[in-house]
Amino acid sequence: MNRNQIFIAEVKTQSPFGFKSKYSYDYLFELAANHGDWVSIHTNPLFGGSYNNLSKAAAKTNKPILAKGFHRSNDEI
């Protein structure tokens with residue numbers, strides 16, 4: 001892998017378009033934290049996300065975390 005590239009591993013348990021993962025949030029987070037350079041955590045419930053998941057992720061990894069959602073300002077994150 002070219003170290004100039006970054007792999008961002010996304011944790012998503014569902015989408016508003018009908019996708020539902022057969023895996024739990026915890027399992028998907030473990031995969032993302034083990035294999036990604038960064039971890040992307042959804043904050044919007046439409047994608048199975050929450051701000052609580054963002055807090056849990058920050059407590060479980062030292063990797064950079066991308067808060068993915070519909071944020072009106074940085075203060076929401």
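## Strand β3 and Leu66

In this predicted model, strand β3 spans residues 65–68 and includes L66. The relative accessibility of L66 is 34%, so this residue counts as partly exposed. The reason is that partly exposed denotes the range between the buried limit of 20% and the exposed limit of 50% relative accessible area.

## Secondary structure and overall dimensions

The protein comprises three strands and two helices. Their order along the sequence is β-α-β-α-β. The radius of gyration is 12 Å, close to the 11 Å given by the globule rule for 77 residues, so the protein is as compact as a globular protein of that length.

Taken along the principal axes, the box filled by the C-alpha atoms is roughly 35 × 35 × 20 Å.

## Contacts, burial and surface

Among contacts with a separation of 6 or more, 61% are between residues 24 or more positions apart. Contact here refers to heavy atoms within 4.5 Å.

Buried residues make up 30% of the 77 in the protein. The accessible surface totals about 5,400 Å², and carbon and sulfur atoms account for 52% of that area.

Conventions
Residues numbered from 1 in each chain as written. Predicted model: local features only at pLDDT ≥ 70, side-chain atom pairs only at ≥ 80, totals over all residues. Heavy atoms only, no water. Helix = DSSP H or I, 4+ residues; strand = E, 2+ residues; numbered from the N terminus. Buried < 20%, exposed > 50% of the residue type's maximum accessible area, 1.4 Å probe, protein only. Rg over C-alpha atoms; globule rule 2.2 N^0.38 Å. Areas by Shrake-Rupley, 256 points an atom, 1.4 Å probe, with all protein chains shown as cover.
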